[in-house]
Amino acid sequence: MENSGDHQETVVPPVEGVAGGGTAYGWSDTGVNDPRPLRGAIDPTKVSSLELMNVWCMPNSANVGPQDMPRELEPISLLAARNERESIQIAVRPKVSWGGSGIAGTVQVQCTDLCSPCGARLVVGQSLTLRRVVPVLGVPDALVPLDIPVCQLNLFPGETTVIWVSIDVPTEQAPGQYEGELIISATKAEAESTSQSLSKVEKHQLHRELRDCLDAVESLEGNPLEEVVERVKSATSSLRRVLLSPSFSDLFSDNGPIDMMEEDAISSLSIRLKISLTVWDFVLPATPSVPAVIGISDTVIEDRFGVEHGSNEWFELLDQHFKWLLQYRISPYFCRWGNGMRVLTYTSPWPADHPKSDEYFSDPRLAAYAVPNGPIVPCGDTAKDYLRREVEILRTKNHWRKAYFYLWDEPLNIEQYNGIRSMASEIHAYAPDARVLTTYYCGPSDAPLASNNFESFLKVPKFLRPHTQIYCTSEWVIGNREDLAKDIIAEIQTENGEEWWTYVCLGPGDPHPNWHLGMRGTQHRAVMWRVWKEGGTGFLYWGANCYEKATVPSAEIKFRRGLPPGDGVLFYPGQVFSSSQQPVASLRLERLLSGLQDIEYLKLYASRFGRDEGLNLLEKTGMYLGPERYTSEHTPIDVMRGEVYRTCRS
C-alpha cells in the first residue's frame, strides 16, 4: 500500500484522477509553536510531553493527512444516542526528535473507561476502540486497529500521525454524562511494552495460565466450600507463578515491586485529553430506517484468500465478512458478475432451509436481503427447481418482507430489458409478492421510450411494470436538479408497493456526494443526507471489496483501472496492514455509517414536527441544501444533532 510503510518526510501530491474537493492537506499553520525549542539529547521521562509534540483534536469528517499542521487543543465534547457510534480524531505531530533510527520518537497512548456519576461505564475494548489512520495513495483512509487500553506509536519527523477514536454506545446504556481520558506520553524508544517484548511462545504460555486461573474461579457459585477453597488456592498459586516469572522480572527489585515514583513522574508529564460524552435516551432502531444494500464480490474473496468456491473455508470467509459489515448498519449481499451485466446476488450462501440462512435473515440489523434466482453452489437442481424451493420456504417466514431479487445491473438495450422481464416473470409465477430490484440510468437505447433521454429514463417504470417493484436509479442522472427527483417519484406507484431507491458508483463526481478517495469528509457523509432529502426509501452500492485481482491476502491493494480511486472499495483485507484476519474499515465506510445514523436523527425530528420541518432543519443549519450546496465544515452537523437532542429528548 503506498505510503503505508514509507515514513520519509515528503509532500504528498494530490492523487491523479481524484476529484478536487478536498484532501484537506492545506490546513493553515495556526501558530502553534514552541517558543523555546529543545536542543541536544532529550530524555522524554524528564520533559513535559507538550514540549515534545503537538496534540490536537479533529472531527470525524475531517481528512487529516501526514502534512497537516497543528491546531489548538480543544476539549472533546460528544453527543451520542444509544445504539450509536460516534468518533473523533486525535492528531499528533512531533516538535523535536527524542528517538533514534530515523524516528522522531515513540509515544504511548492509554485510554480509560468512560464513567458516569451513577457508576455506569463505557468500557475500553468493548465500547471504546482506537485505530490508526493510514494513508492509501497518500490520502488518509484505512483505519488499522491499535492495541488497547495501551498502545505505542512511532512518530516521524515532519509527519502528523492520526488516531481514530470510536465510542459505541450499547442499546441498554444508561443515559447521562460520561467522562474519561486519553493519555499521551513520550517514551524512550527502547522501552517496549511487555506484549511487544514477549515472544509468541511466552505470550501463549501466559495466556493459557491466566485463562486457567479464570476458569478456576469463574463458576464458583453453588459449589461446596471445600471445592471453592481448593480452586481459589490453585488460582492463587498460578497467579503468583505468573507474576514471579521472568516476563515480569524488570518490575521487581530485591525488596519487591519497584518504586512507582518514576511511573508517577512520567504520568505527570503526559498530555491528558479529557473526553466528555453525553448519552441521551434516544435509541437508534436496530433495523435501519433506510436499507443500504452493499455488494461483496465473492470472486475477489476466492482469489485473494485462495479458497475454493463452496468449500468450508469459503463459507467461513463469507460468514466473517457478513457479520463484520452488519456493524455498519448496512445490509450486505454477495455477488457474482455474468455476461451482459447479469448478476447473481445473494445475502446468505446457504440454502433457505439451512439454520444459518434463518439466522442471517432474522437478524434485526439486516434491513433487506437478496434472494438468488439460481443455485449459488452446484447442487444438482435446475435453476427453476432451486428457485421454486427457495421461494416456497422463504414465503413462510416473517422476514420475507425483507427479501428482494437483484437480477441485472444497468440494462442498456431492449434485449437486456427483456431479459429482466423474463426472469422476473418466472419469479412472480412462484411468488406474486416478490420484489424485483432493477438499477438503471437510462431507457433502452435501441428503442427510445420518449423523444429525449430524460423522458425516456422517466418512462422505464411504465416499461418494466409489473416486472420490477424497486426502481433504483443513479444519482448521476439527477445531477444538481433536485426537482427531477420529484419527477421520478411521480412515476412510481407507491400505492402498489413500488419503491424508489438510488445508487452512486463512478458517478456522480465532485462536488456531488460520493465515496471516492480524496473527497471531503462531509461529501462522503452527505451521500445519505441526499437520500433522505430527495425522498428515497433505499440505497444500493455495487461493491465494497472490488479492487484489482490478487492471489494472496497481504498483496498491495490496487484500485481498478478506469474507475475513480476508491470506487467499489470501502474496506481492505486486514492482512495488508498486519497479521490481523479482520477486515480494515475505510474512513469512507465510517462516514457511510455516520450518514445512516444522521437519517435516524432526521427521521425522529420529522416524526415529531413533520417532514417539512425536517427539511427546514437541514437548510437552516446549513448542513445540506442540495448536491452542490452542503457544508464543508463539521459544525453544522453538530448543530443539527444538537437541535434534535434539544427538541426531542423529552
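Residues 24 or more positions apart account for 74% of the contacts in the protein with a separation of 6 or more; a contact means heavy atoms within 4.5 Å. This is a predicted model, in which local features need pLDDT of at least 70, side-chain atom pairs count only at pLDDT 80 or more, and totals for chains, interfaces and linings use all residues. Residues are numbered from 1 along each chain as its sequence is written, and side-chain values use heavy atoms, with hydrogens and water left out.

**Overall content**

The protein has 17 helices and 27 strands. These are DSSP runs numbered from the N terminus: H or I of at least four residues for helices, E of at least two for strands. Of the 650 residues, 54% count as buried, meaning under 20% relative accessible area with a 1.4 Å probe and protein chains only.

**Sheets**

Two strands count as paired if DSSP finds at least two bridges between them. Strands of a sheet pair through backbone hydrogen bonds, either parallel or antiparallel.

Seven bridges link β1 to strand β3 (residues 84-94) in the antiparallel sense. Within β3, V92 is the bridge partner of V55.

A second open sheet has nine strands and mixed pairing, in the order β17-β16-β15-β23-β22-β21-β20-β19-β18. Here β17 (343-346) and β18 (369-370) stand at the edges with a single partner strand each, so one side of each lacks a neighbour in the sheet. Strand β20 (residues 436-440) runs parallel to strand β21 (residues 470-474), joined by four bridges. C472 in β21 stands opposite T439.

Helix α6 (residues 312-326) lies across β15 (292-297), β16 (331-337) and β17. The angle between α6 and β16 is about 140°.

Strand β4 (residues 105-111) pairs with β9 through six bridges, and the two run antiparallel. V150 in β9 is the bridge partner of Q110. In a regular strand the side chains alternate between the two faces of the sheet. For β9 (residues 150-155), C151, L153 and L155 make up the covered face. V150, Q152 and N154 lie on the uncovered one.

**Helix packing**

Axes are lines fitted to C-alpha atoms, for helices over the stretch in contact; angles run from 0 to 180 degrees between N-to-C directions.

| Helix pair | Axis separation | Angle |
|---|---|---|
| α8 (residues 383-394) and α9 (residues 414-430) | within 9 Å | roughly 45° |
| α14 (residues 521-534) and α16 (residues 611-620) | 10 Å | about 145° |

α8 passes α9 in a right-handed crossing, with the near helix turned clockwise from the far one by less than a right angle. From α8, K384, L387, R388 and V391 meet E426, I427 and Y430 of α9. By class, this contact has four nonpolar, no polar and three charged residues. Nonpolar covers Ala, Val, Leu, Ile, Met, Phe, Trp, Tyr, Cys and Pro; charged covers Asp, Glu, Lys and Arg; polar covers the others, Gly among them.

The α14 and α16 crossing is left-handed, the anticlockwise case. W532, K533 and E534 of α14 make the contact with R611, G614, L615, L618 and E619 of α16. Its classes are three nonpolar, one polar and four charged residues.

Notes:
Buried means under 20% relative accessible area, exposed over 50%, partly exposed in between (1.4 Å probe, protein chains only).
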